[in-house]
Amino acid sequence: MWSHNKQLPYVLIAPASLFLAVFFLYPFLSVITQAFEHSSSDGFSLKNFQDVFSHWKFSISLENTLLLTAAVVPVQLALALLMATMVNGMTKGRDFVLYIWTIPLGISDLAAGIVWLVIFEQTGFLNSLMMNLGLINQPTPLLTYQNPMMIFVAIALAEIWRATAIMLVILVAGIGLIPKEYYEAASVFGASRWQQFLRVTLPLLRPSLQTALILRVILAFEVFAVVAALGGTLFPVLMGETYTYQFDLLNSGAAAAIALVILGLSIAFTLLILRVLRVPKGVSI
């Protein structure tokens, strides 16, 4: 009987382990193999990485990806913190407001990009608004190679609108787990709402902040469909170059190499976030 009880956990996790091995581990190992294999050499080779790094578009793609992440994630974090604090402070209509704010979660990346394309294109909402206000005399093409900053702004706005809810849901859950007694004690000692936020909410929210930031940064490095809809080839990013190598140039080795670069960036920033937002021992919220 004791032997069966000891084996039960392994039996229960076996299906999940098999699923991960077949649909995650095997493809991952396949990507690594492709990245370090090249038709011009036998065995281990860095030729794919050399080809990718020497291409003029790689540095631009890397810079655009990092800039977009740096511009979008802090804004999303600030908005998610503000919105989560507001939601948890509500006594009525909390679920309805949270539902409205999380609607973008149900919209695909490409659909979100198309929604914002309708706003920024030449015959879109923004041009119509500016014409009605008398700011322009005729529709102006905004998303062109002559306006790289406008393309960047459009993509950033689309990403902020689409993905802030990811962080919001995590932070709402985290704030909801903080015992109310901490806020009551802080009020007794005369702490203002802002002081309570700084001294109570933020320190106890570190585990949720870790999760939200890690998830969002990783997804930011993988941005593709929104960029394709709004910027096309005018705003190259790493994931877009991966797609180009794999499906347009039919170079799976180079595509795998860029995929590993994205993985490396994700791991590096994950470790950085874990380092910066270290959770003190004993904090389990």
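1. Let's start with how helices α3 and α10 cross: in this predicted model, the crossing is right-handed. The two axes come within 10 Å, at an angle of roughly 145°. Helix α3 covers residues 56–88 and α10 covers residues 206–221.

2. Who makes that contact? From α3 you'll find T65, L66, T69, V72, V73, Q76, L77 and L81, while α10 brings L209, L213, R216, V217, A220 and F221. Sorted by class, that gives 10 nonpolar, 3 polar and 1 charged residues.

3. Some of these names come back in the largest nonpolar core, which has 41 residues. V52, L77, L81, L171, L209 and L213 are the ones touching the most other members. Two or more residues each come from α2 (47–54), α3, α4 (94–101), α7 (148–176), α10, α12 (238–248) and α13 (252–276). The largest share, 10 residues, belongs to α13.

4. Setting aside residues up to four places away in sequence, L209 touches L77, L81, L171, L202 and L277. There is also a second, separate core of 19 residues, with W116, V227, L230 and V237 among them.

5. Back to α3 for one more residue, N64. Is N64 buried or exposed? Its relative accessible area is 12%, and buried means under 20%, so N64 counts as buried. The N64 side chain reaches the backbone oxygen of P236 at 2.9 Å. Beyond its neighbours within four places in sequence, N64 is in contact with F235, P236 and V237; V237 is also one of the residues in the second core.

Terms used: Residues numbered from 1 in each chain as written. Predicted model: local features only at pLDDT ≥ 70, side-chain atom pairs only at ≥ 80, totals over all residues. Heavy atoms only, no water. Axes fitted to C-alpha atoms, helices over the stretch in contact; angles between N-to-C directions. Helix = DSSP H or I, 4+ residues; strand = E, 2+ residues; numbered from the N terminus. Left-handed = near helix turned anticlockwise from the far one by under 90°. Contact = heavy atoms within 4.5 Å. Nonpolar A, V, L, I, M, F, W, Y, C, P; charged D, E, K, R; others polar. Buried < 20%, exposed > 50% of the residue type's maximum accessible area, 1.4 Å probe, protein only. Polar contact = N/O pair within 3.5 Å; in protein donor to acceptor, adjacent residues only side chain to side chain. Core = buried A, V, L, I, M, F, W, Y, C linked by side-chain atoms within 4.5 Å.
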